[in-house]
Amino acid sequence: MFGYYLDLARRSLRRTPVLTGLMVLAIGLGIGASMTMLTVLHVMTDDPMPGRSAQLYTPHLDPLPIGFKGMDIAGDAASNLTWPDAMALLKAHRAVRQAAMAGGDLLVRPSRTGAQPFYADGRYTTADFFAMFGVPFERGQGWSAAEDDARAHVVVLSDTLSRKLLGGVDVVGRMVRLGGHDFRVVGVTADWQPSPMFYVDASARRYSDGDKFFLPLSTAVDLKLDVNGNFNGWGEDHADTRMVSPTTTWLQFWVQLDTPAQVAGYRQFLIDYSAQQKALGRFQRPPTNAKLYGLMAWLAHENLVPNDLRLQLWLALGFLFVCMLNIVALLLAKFLRRSGEISVRRALGARRRDIFMQLGVESAVIGVAGGASGLLIAQLGLWSIRQRPDDYAHLAQMDVPMLLGTLALAIAASLLAGLLPAWRACRVMPALQLKAQ
Amino acid sequence: MHFRHIVHALRHHRIAVSLLVLEIAFSCAVVCNALFLIGTRLDRMHRPTGADEMHIVEVVVRSVAPGSAKAIMAQTRTDLAALRAIPGVTDVSVINQPLFGSSFSASGVSLSKADNAPTIHVTQYFGDAQLAGTLGLKLADGRWFRPDEFVSDEQLEGEGATVPVIITRALAEHFFPGKSAVGKVIYAFGTNRVVGVVDRLVQPRDYGSAESYEYAMIFPVNLSFAQGTYLLRVKDTSQRDPVIRDALRTLRTDGPLRLVSPRDATTLQAARAKYYRNDRAMAWMLVGVCVLLLVVTAVGIVGLTSFWVAQRRRQIGIRRAIGATRGDILRYFQIENFLIATLGIALGMLLAYGLNLLLMQHYELGRLPGYYLPVGTLVLWTLGQLAVYGPALRASNVPPVVATRSA
């Protein structure tokens, strides 16, 4: 029967080619626009650490004085940690792994003569960073906690930077010059770029290139290397001492907690720590302000999707809705016009169900064609997004789930659109229609 | 004509008519709000900065080797002299934050020394004696800085500093409504007496509320190249590209090795275009959505009316046979469409203002102006009439003889 219905649908659609084309195009445009925006939002809010994100948490303290009112441009002052707090959490060692970190933008001077110096983005962090985030190494390894304490001049390079600086072979053990200081290379990572970069400062670009180098945070503080990120202070602010000031937040902190018990324990630890600091007179706000966010919860809290993109998604969905209304109206008119034909089929013994199936198949054919054109249009839309200057632009690619989702959405949309017209059409009175003719 | 008859006939197509009404209503709501959004984007993109944007180029230089503050300052003076010697350049200055740049520097400002005095955050420009001339600022009140008032940034931030300040007219209005700000004192870096008011100068980037966009302060500070950006004012617009080329060459050859990249040299006009490129992209996207929505709606009208015409061929034939003119038939479909469109527009305008209220909650957006109602109504009426004309014309061409045929 299905084949026969398909043939009937083909004949019926070929009778009105322009209208069929317009319906296919309308559903294609609606689906294409919606899927473009859904894909962009999907890649922007994707899990950056599949398999690991459930164990990663970021602790947040509230060391701000009671009356503190920051500038909205500087973001939430309490979203980062001060140096003393970060060091205290690090030394307490209450999590499976923990690392403090901050972004840095350092001048790199290739040793080759004639090569131009350039700036590279990297991270100042502590020993656990690599194991906690599962950074893949090509050669060598990270540094130890002892080297953190010793403020060792060691560095881990990304594959790209190591090739650019040293040509790539026998890199471990060689010296590189970063920010005017010499560092010994202890490891080379494979190019590693979680997307979004969940562990960076709120002011950093979340979807751009990954870190090109990693060096010990203690060394960076010791050498007063340039930091790429917000310094938010509420006490005496001296450029010279702000890195270690107890009243300036600038550090990000992540911990690995494997079991719910550990998570609960760490949460309590943060509150206890805050209470202790309050007793010492350093903190003024309630200790229960201390928070522990899971990775995905933190990304949701940071609200990475720009308002404009959200608006564009709604526009696309609204557009799809209008296209659907349009198709419902057109199919309704089309099916009702065939009341005569339907009545003949009914009089010859077709059940309402059969008619409903027949018309449903016809709408599904439109849906499949619309879905196919929707896929093409979505590819075009994603291409145009990739031309945008935003840092997330290069991510706008469709993956297999989104591809299947597009087709499913198209067919669901057209079946839904065909539902009302088909139901209406299969209720025609055969006798009345036949008599009228 | 006979409204009653038309309404009566429409009742036979209740579902199709309500779908069409819904479609028109929805398009109307979305298009009205989209046009309004486009308007606000365009307004945003065309806000003047107060600077003479067409005649300014900027160059960022980054030092490679650490040097003493004194040496860097000396190098800056050499640079300034060399840049001023470039043909076509009239003024050169170092500014701490260029317009449409990536940095934003601000301080808390209040009208009293007390700790709990209300404070607002205002962006601050530091620049030397040629800054006002380079930017092309217009003085509204008071005077420019005197040559002996220029200090270093340490002096500005030092204990008990009393450096004078020039503020924008908008900030003056905020602090001293209805009065002249000249001679008054504000507290930003120690105690700062207002010596002048400029007509307009805006924040380098958008931050804070819409009215604070025009709040800015200028302090007389001599900066080194490492602390800021070179601004060059050219005499003639066409000289901007050659001046950038010359400036890059000058900075590369003068003094020690520094990072001088063509990427860090741009005209202010290009910086503005880059700053607003997302707004522009959004505006075009909204235009696209509007056009598509209207086209889809028109297609719906054409398609549905065509079906109705085909369905009613016999009735049309009969009406023609009993005396209706072609014009009568044409007008019948036109009035029918007019009724449907009016219903759609009425519902659509309600939806439009509802959607506007929703958008106002989530975006910084004003209320939809009242004139959208008549304009939107006219546009959609016209669209409906244009869409229905083709099918209606075909209907009017149905010959009376159709009445005599069966089906």
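1. Ser27(B) counts as buried because it has 31 C-beta neighbours inside 10 Å, where buried means that 20 or more other C-beta atoms lie within 10 Å of a residue's own, exposed means 12 or fewer, partly exposed lies in between, and the C-beta atoms are placed from the backbone. This is a predicted model, in which local features need pLDDT of at least 70 and side-chain atom pairs count only at pLDDT 80 or more, while totals for chains, interfaces and linings use all residues. Residues are numbered from 1 along each chain as its sequence is written, and chains are lettered from A and ligands numbered from 1 in the order in which they are written.

2. Where the two chains meet, the contact takes 32 residues from chain A and 35 residues from chain B. On the side of chain A that touches chain B, the elements giving two or more residues are α2 (17-44) and α10 (307-337) of chain A, and α10(A) supplies the largest share, 18 residues. By class, this side of chain A has 20 nonpolar, six polar and six charged residues, with Ala, Val, Leu, Ile, Met, Phe, Trp, Tyr, Cys and Pro counted as nonpolar, Asp, Glu, Lys and Arg as charged, and the others, Gly among them, as polar.

3. The largest nonpolar core has 101 residues, and those with the most contacts inside it include Ala26(A), Ile327(A), Leu20(B) and Cys28(B); such a core is a set of buried Ala, Val, Leu, Ile, Met, Phe, Trp, Tyr and Cys residues joined through C-beta atoms within 7 Å. Among the elements that give two or more residues to this core are α2 and α10 of chain A together with α2 (14-45) and α9 (277-311) of chain B. Leaving aside its neighbours within four places in sequence, Ile327(A) is in contact with Met23(A), Ala26(A), Ile27(A), Ser414(A) and Ala417(A). A second, separate core of 62 residues includes Leu89(A), Val171(A), Met243(A) and Tyr273(A).

4. Chain A is divided into domain 1 (2-45 + 306-436) and domain 2 (53-302), with bounds that come from an automatic or database domain assignment. The centres of these two domains of chain A, taken over C-alpha atoms, are separated by 50 Å, and five residues of domain 1 of chain A are in contact with six residues of domain 2 of chain A.

5. Strand β1 (residues 56-60) of chain A is largely enclosed by the rest of the structure, because four of its five residues are buried. β1(A) pairs in the antiparallel sense with strand β11 (residues 248-256) of chain A over two bridges, pairing being called when DSSP finds at least two bridges between two strands. Four bridges join β1(A) to strand β12 (residues 291-294) of chain A, also antiparallel, and there Pro59(A) stands opposite Leu292(A).

6. On confidence, the predictor gives the complex an ipTM of 0.81 and a pTM of 0.82.

Methods: Two residues are in contact if their C-beta atoms, placed from the backbone, lie within 7 Å.
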